[in-house]
Each structure stands twice: as C-alpha cells, then as structure tokens.
Amino acid sequence: MRGMWRRCLSLLVMLVTLCAAISVQAEDWNTLLKHARGETVYFNAWGGSPRVNDYIGWAAAEVKSRYGINLKLVKVADTSAVVGRILAEKAAGREKQGSVDLLWVNGENFRTLKQNGLLFGPFSTSLPNYEWVDRSKPSVSHDFAIPVEGMESPWGMAQLVFLYDSARVEQPPHSMEALLAFAREHPGRVSYPLPPAFLGTTFLKQALLETMKRPMRLLQPYDEADFSEVTAPLWDYLDQLHPYLWHQGKDFPASAEVMNHMLDSGELLLSISFNPNEASAAILAGQLPGSVRTYVHDKGTLANTHFLAIPFNSNHKAAAQVVANFLLSPEAQARKEDPSFWGDPTVLDLKLLSAEDQARFQAIQHGSATLTAEEMGHVLAEPHASWVPALEQEWQRRYGH
Amino acid sequence: MATALRPLTRRQWRQYWQSAGLHSLAVLLLGVPLLLGLTGTVLLSLGSWQPFISSSAISSAASSPPLSLWQPLLQLPALPHAILLSLTTGWAATLLSLSLTLLILMVLRSPRQLHWLQRWLAPILAIPHAAMAFGLMALLAPSGWLLRLLVGGRSNGLPPDWSCVQGSSGMSLILALVLKETPFLLLMTLSALARTDAEKRSQLAATLGYPPGQALLLLVWPALYPALRLPLLAVLAYGLSNVDMAAIIGPGNPPTLAVLIWRWLADADVQQWLPASAAALLLLAMMLLSLLVWLGLEQSGRWLLLRLTRSGWRWQWPARWHALGRGMASLLIGLLMVSTVLAVLLLLCWSFSWRWPYPALWPQSWTTQHWFSLWQAGSELLGNSLLLGLSSALCGLLLCVLWLEWSAHQQRPLHLGLWLWLPLLLPQLVYAFGLQWLLLRLGWDGNALALLWAHLLVVLPYMYLSLADSYRGLDPRYQQQARLLGMNYWQALWRVKWPILSPALVTALAVGFAVSNGQYLLTLYIGGGRFPTLTTEAVSLASSWDMRVIGVYAFAQLSLPLLGFALALYWPKWRYAGLQGMQPDVVKGRSEP
C-alpha cells in the first residue's frame, strides 16, 4: 500500500514537473517570439540554385507576416567562406553583432564551427517543432559522425543518388563494380566531380565503402596508422576506373551541377546528386529532359542531413530560432519536399504528424524520376568527418596533376 | 648652394604641406589597407598568426616551426604544373593581345574604320569576364554551338569526348583572355594615339620610304608605349592571377595557381587556408618576377628597335605578301570579333530558352520566365550596384581631380606611382583576406562606408589612368586666357577648364562605375554579404551551371556599365552639340578636317 502511494506520488511529481517544464518552455517560446518581432535575420546559404532561393523567398514572406521577422538571404557561392568569416570575427574579438544570424551547414563545416566554439546552442531540441523530427535517423543526431548535441537544427535529408537518361542508357550500373564495366563499355562518358567538390569527395567515400572490407572502421576517427591499409581498395578501384573516364580521367567536372549540365547535353551518361528528388525537380525546371531517371547502388548509398546553425555572435538569436522553427514546421517541410518548389526530402517523421499535416505530404507529386522509399534501398552512414581531408589529400597526391 | 640655404618662403612651406597632405591621403587610402592585407597574408603563411585562428583545428600547424607550411606546399605534385599553367596562359594571352592590337592598327588605317572600331570596343569592355567565359563555353564546348553546326546530326547523338575547352593546355583560357584583353589594349592605344603626334610621325616615315607597317613599329610605337606600359602590365597581372575566367574555362586538374588558391580558401578545412596564403605569396613572387622580366624585355626591345632604325633597313616585301598579310590579319580579327559576338548572342539565346538539347541548333522551347525572376529580385540588386558604383566613381573622380589639379601647380610632380600600381598589380586574393581581418578588428566590416573604401581601392587607379593624360595634356593657355579675362582661379576651373575636360571626366566616371560594378571578392568579404549586387548574385548563381540563368544575369550585369559608357559617349554630344572641338573623338588627331 505504502509502495503504491509512493509510486503514485512520484508519478504525480513527475507529471507536475513535466507540465511545469512544458509550460515554462511555452512561456519561454512566447517571450522568444516577442523578442524576435521586428528583428532582421541574415541567413547565409549557398545561392547556386534558383529553386532554393525561391523557396527561401517564400519562407521570408511567411515569417514576415506571421512573426514580423525580416529574413534576408545572403547568397554565397561557398559555405566555407562564411565559416571563415565567423572564425575571423571570433579571432577579431567580435562577440556581438556578428554578420551571420543563420547558416545552412553540415559535415566538415559543422565540424569546424563546433570545434572552434563558433556556434550558439544547444537550441534545436527545444524548438517546438522539433517534436515532429524523425529521431530514429542516425544522421539527425550525428552529422558526419559528429554528435549534433542540439547545436544545429535539422532542415532536410539527403541521400546519394545517380542520374541517367533512360533515352540513352537502358540499364544503369547498380554498383561500383558495374560502374567500372559500364565505363569500359562507354569510354569517356562517365566521371565524377573533382574532389574536394562536395559530391566528388562523396563519390570517393561511396566507392571506399563499397570496396572495403570493414566499412564500420570509417565511423571511427581517421588514424594515420591504418589509412593506407583501409583505403587501398579505393585506390585500386580508381586506378582501374580512371582510364575509361571522361578525358581519360585526367580531368574532372568541377561540380555535380556541371555534371548535370553535361548529362543534359550527353557529354556524360551518368550524373550524381545528394537530392533524391533532384531529377524530378530539374525536369520540372526544364534543366533536364523528361526521360532522366534516378537509381541507387544495391549496397546502399550514403545519406546525411543538412542543418541550420546559429553563430555564437549573432545579435538576433531569438529571431533566428523562430525562423529555424518555422522551417521545421510540417507546412514548410511539405512545401520543401514538393519538386515543383524545391524537392528536398523532409526530416520529419510523418507518423507523428496530425492527419491534416500528413495529407500535405501525401498530396505531393514526386514525379516519375523519383524513386519510392523502398526503391531507395538502405542508407550508409557518413564516415567520420576527419576522413575527408585525408582522402582528399591522398587523391590529390595520386591524381591531382 | 645659396638657394638651398635660403629659408623657405611661406608659399613654399604651404606647398610642402599640401604635397605632404596629398601624399598621405594616397597612402592612407590605397597603401595602408593593401600593405596591412599583405602583412596578414605573410603572417598567415608563416603559420605564426595565432590570433587569427586560435583554434584547436590548426593547432598542429600553428605550433610547428615557421616555414613548415611551405614544405608540404612545395612538395605538392600539382604545384609545378599549376605555376607553369599560370605563367604560360598569362604570358601567352598578354603577348597575343599585344600583337593583335598592333596587327589591327596596321590593318585598319583609315580614321573612319578606327572610329567605327572604337565605338564597338566599349560594349565589349562592358562584358563581365565570367560572362565571356560562359559564352565561349556555350560556343566551343564539345556540346557547344560550333560543333553542333559542324557535326551535329551526323554523330550518334552524343557530343565528342574532346577537351577543346578546359583542356590541360589552357588554350581555351588563353583565347578567352585574348578576346577580353585585346579590346582593352586597343582602346588604350586608340586614346594614346590621339594624344601623340602619330600622324606626323607616320607621314615623316612615309617620306623616308618606310612601309606603313614598319613605320608603325619603328616610329609610332615608341611614342605610344609609355601610355601603354601600365595597361599592359595590368593585363599581364590579370592574366597571371585571374580566378573568374580560369575557374570556368581554364584547365581543372591541375588548375592555374590562382584557382588552386581559390579552391583552398573555399575549403571547409581551416588547415587549407595556411597553404593557401603561402601559395598566394608564391603567386605574388611569380607576378613580381614576371614584371621584372617584362621590364627587361622592354629594354631589349628598345635596343632592338634602335638598332633596326639606325640600320636604315626597310621592309622590301613584294606587294603580294603585303596583301596576303593584310588578308590574314583581317581574317584573324574577323574571327575574333565573330566569336565575341557569337558568344554574347548564344548567352542571350540561352536566357530565353526553356529546353535546348544537343544537337539542336536552336532552342526547342522558349520562355521569358528567367527574365521575369530577375525582374522580381532585381530592384535591390540594381539599387546596390547603382549606389555603390555611382558613389565610388564620384569619390574617385573627386580624388583624381584633386590630385591632378594640385600636381599641376607643383614644381615636383606628385609621386603616386607606386600607390596606384599596387592595387592594379597585387592580386585581390593576396590582400582581400587580410583586409577583411583588419576591418573586422576595427568593427567596420559590413559597413557601407568600408565597402565604399574597398571599392575606391580598385576604382581609383583605373580612373586615374583614364583621366591623367587628358588632364595633364590640356593646353594651359585656356586657363591663362580665362584668368586674363578676369576670372579668378576657381571660376577658371569651373567655367573653362572642367567643361573642356568634361568628356574625359565623364569617361573616367564611366570607367570607375564599371570597375566598381565588377567587384565580387571585395563586395562579399568587406560587405559581409549585406550588399548583394548584380555581380555577387551572378557569381553565386553561376555555380548552378544553368546556362539560362547565367545568360540572364550576364546581361543584367553588363547592362549597367554599358549604360555608363553609352552616357559617357553621348552626353557631350548632346550637351555640346554644335561645338566640334568638344566631341569625344579619340582618333580626332587623325581625322580629316
């Protein structure tokens, strides 16, 4: 009897604290909203895609009318330049009035920011809309094997896919081995972006994961001691592949965007993307022919999440959090997933959403070039971010001249 | 001796102070930021700039002994190739542009032709470098328009795997540079021609029995060269250090040294910035060496020309050869002009296309959607570009006139040479990073005034170059006459000297405006991303490789400077209609009365 009372009491206490916590959180959020009103958020993001820019333009109009926040998109050609600026600001002792309020980031850039204490947070897990986030995805909690720990708010999912034009290619290669055979069959029509371009390095990682014996090793940090042993299969593979590549593997397209352009003209037969909806969205935008399709490798492909982060010296942290929260809302996420706007997959778990919000996602026309969830196969976790510089340097040493 | 010992008069003192003031103004405006930026880069390259990156990310690099950063850089297998590429493309482009300029002058003799040519040069100058590179890609790539025209339809539906652009030889980069630099050199030569006694010299040469081509080389060229030295060196410096053209149409693996630095600076790995700064110094050394070699070549060229002139040797070629030479030269010039025009037209075509697959010669479907999206986003970009361009050009004009007017009254001329050369010859990659740090320290970054200052840094030299000769070359008797007629100093300036110079002043404004409009790196770094312009937008959208959007922004970017040049050309015509002597006619020295 006593034990039960005690249990009931403890339950009650837990309940009360939980309620209090929730109400405190709600109150906190309301004061945050009050602070955010009238603030200007400088959102630095890669500006190379008109579709993304238009989507952010829509979000800017929404946060203006809903929360009175002025969202200004600063389009940059490269996110690292922004990371460099924040680092320089810290070095110059600028603790306030930072030039960046919100930043589109992941992977190595996040690693640099986090290691150098350049981030505000933890904030993301206390955003109201975070409760819908699909926390079962490992890449949401670990960005390139680096614990996120609330220092950035998830924004979109990415999984490596390959693009081909079904009018020109009947059967695309579904593994690195098949890719080698395909390249032999179509010499000069296959390539990958020049590392250290983002997707170039990703291709190296994918090839390494498919050729090596113990892929789990890559989740641990890089170590000079076993680097050559671990990566030997990759270099063997590339040595075999390169003679059959575009320009005999002496030269590489500068980025995945260039490869899409070359896929359109037929200079290349295959292209590469981190967005499973890329092909459908590009078809809708007139960038690729309607016959382009997507495929993945049988062993699975690399997947990651991209995030929004707030620098330590932002003067508009309240408004930046409100914007990050809005971009996590089912409404904003559903619009983002629609290929006629952007086509970037959601980070939300649809099962958690209300019926009304689920309907938003079900209404999206993904287009014939997008694979279904089953066809996407299983995902491979991104190697620890510390592998990236080592892989890039070794590639440079072997093929960079 | 006696004069030296005599105490200075008040007037002399005033002059000293004024001259010191003007010099320090130049040093403050141009020298200090550049030198500080450079110092930052040097410190960074030595790995000893702890306060800059005080993080664990580079602790291994920063704590190692100085110069240790240079070792991995120098051992990089791509480095010798990259340096060689930079040198070959930069030098080849400069020498080719120079020879083409001379060739064009030899072929086009009549003032009418030169006048026509001059009118066409300004719009070509207004084409942004990156846009030109993209236009050439659209023309010359394996899936480009030229090959579609030649082999399209006959192949298996796929473009050939040729490396005609971005090839490791850098040929396409050289071509792109030549197409962009020859018009610049030609315009500079034409304006220099008008200020020399070229007509008299060629007449003299003709009476001495020199054929026209040789006359140009032996007698006219030495008179022109002093005015062309700095433009030529600027062309060489640009060729060696440019990023915007080389990253698009240049070789990719390895790229030129400047692109290599650019890639490192854009790397997420902070460790890469240190070799990048070391490589930036290497680039600087390469440029200084190239300048020295150029000055050496200048001396030997002078010696050679003197020997040739003294020997009294005359070209005794059969008339047939002359005709053939002229024909070849005309063909070459025609080809260059056609490829420029085609490149621009192709971009225009792309900007209106919806789908344009290989091997179709014309777009399959058209749209105005891309232009419409520019229309929606354009007002802020346009406003920023206009405001920045106008304010920096006006400030630049004010300073240039101040310097020139003052130096006109000094016994000793104002030695601004070094300070003006520095921003032209130092690659922005070398100092922009350090300059940004300096402004951050002062808390001035992202500030409109700081951005204006940064723009002035590059705008001033070009404006000064464009204005100085006309300003100094004006006959002082106009002003003397005005004073004799009872005007005071300021009235004489305001009512006589400056109106007479107004075509040159307006041209300088247009030049400054165009230079300011073209700035990407400085606008982004110093402006903290708060001042998006047409150029920053165009560069960030260029990474999409969507030729349709690139086409739209190329034209948007080109429109403002073009408008500026057109105004500079037509405003005096309208303002001083009926006053023949006031027309901006750079070849008037050669035109018939």
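Predicted model: local features only at pLDDT ≥ 70, side-chain atom pairs only at ≥ 80, totals over all residues.
Colleague: How much area do chain B and chain A bury between them?
Modeller: The contact takes 64 residues from chain A and 56 residues from chain B. Carbon and sulfur atoms carry 52% of the buried area. The total is about 5,000 Å².

Colleague: Which residues in chain B lose the most area to chain A?
Modeller: Three residues stand out on that side. Together they give 14% of what the chain B side buries. They are B:Asp161, B:Asn253 and B:Arg530.

Colleague: Is B:Arg355 buried or exposed?
Modeller: B:Arg355 sits in strand S1 of chain B, residues 353–355. Its relative accessible area is 11%. The cut-off for buried is under 20%, so B:Arg355 counts as buried.

Colleague: With which side chain does the side chain of B:Arg355 make a polar contact?
Modeller: Leave aside neighbours within four places in sequence. B:Arg355 then touches residues of chain B, including B:Pro363, B:Gln364 and B:Ser365. From chain A its contacts include A:Gly286, A:Gln287, A:Leu288 and A:Pro289. The polar contact, at 3.0 Å, is with the side chain of A:Asp264.

Colleague: Why is helix H12 of chain A largely enclosed by the rest of the structure?
Modeller: H12(A) runs over residues 330–337. Its buried residues are A:Pro330, A:Ala332, A:Gln333, A:Ala334, A:Lys336 and A:Glu337. The helix is largely enclosed because the buried residues number six of the eight.

Colleague: Against which elements of chain A do the buried residues of H12(A) pack?
Modeller: One partner is a strand, S6 (152–159). The helices are H2 (50–67), H11 (317–328) and H13 (355–362). In short: H2, S6, H11 and H13 of chain A.

Colleague: How much space lies in the largest cavity?
Modeller: Rolling a probe the size of a water molecule over the atoms shows where empty space is left. The count comes to nine cavities of 30 Å³ or more. The largest holds about 280 Å³.

Colleague: Which element gives the largest share of the lining of the largest cavity?
Modeller: The lining has 25 residues, and those closest to the centre are A:His261, A:Glu267, B:Met137, B:Ala141 and B:Ser143. Helices H7 (129–140), H8 (145–151) and H15 (319–351) of chain B each give two or more residues, as does H9 (256–265) of chain A. By class, the lining divides into 16 nonpolar, six polar and three charged residues. The largest share, five residues, comes from H9(A).

Colleague: How many charged residues are in the lining of the second largest cavity?
Modeller: This cavity holds about 160 Å³. Its lining has 13 residues, with B:Ile104, B:Thr182, B:Pro183, B:Leu336 and B:Met337 nearest the centre. By class, 11 are nonpolar and two are polar.

Colleague: Which element supplies the largest share of the lining of the second largest cavity?
Modeller: Helices H6 (111–126), H9 (171–195) and H15 of chain B each supply at least two residues. The largest share is five residues. That share comes from H9(B).

How values were computed
Residues numbered from 1 in each chain as written. Chains lettered and ligands numbered in written order. Heavy atoms only, no water. Helix = DSSP H or I, 4+ residues; strand = E, 2+ residues; numbered from the N terminus. Buried < 20%, exposed > 50% of the residue type's maximum accessible area, 1.4 Å probe, protein only. Polar contact = N/O pair within 3.5 Å; in protein donor to acceptor, adjacent residues only side chain to side chain. Contact = heavy atoms within 4.5 Å. 1 Å grid on protein atoms, 1.4 Å probe; cavity = no way out; pocket = protein on both sides within 12 Å on 5 of 7 lines; lining within 4 Å. Points joined across faces, edges and corners; volume = space filled by probe spheres on them. Nonpolar A, V, L, I, M, F, W, Y, C, P; charged D, E, K, R; others polar. Buried area = accessible area lost by both parts, 1.4 Å probe.
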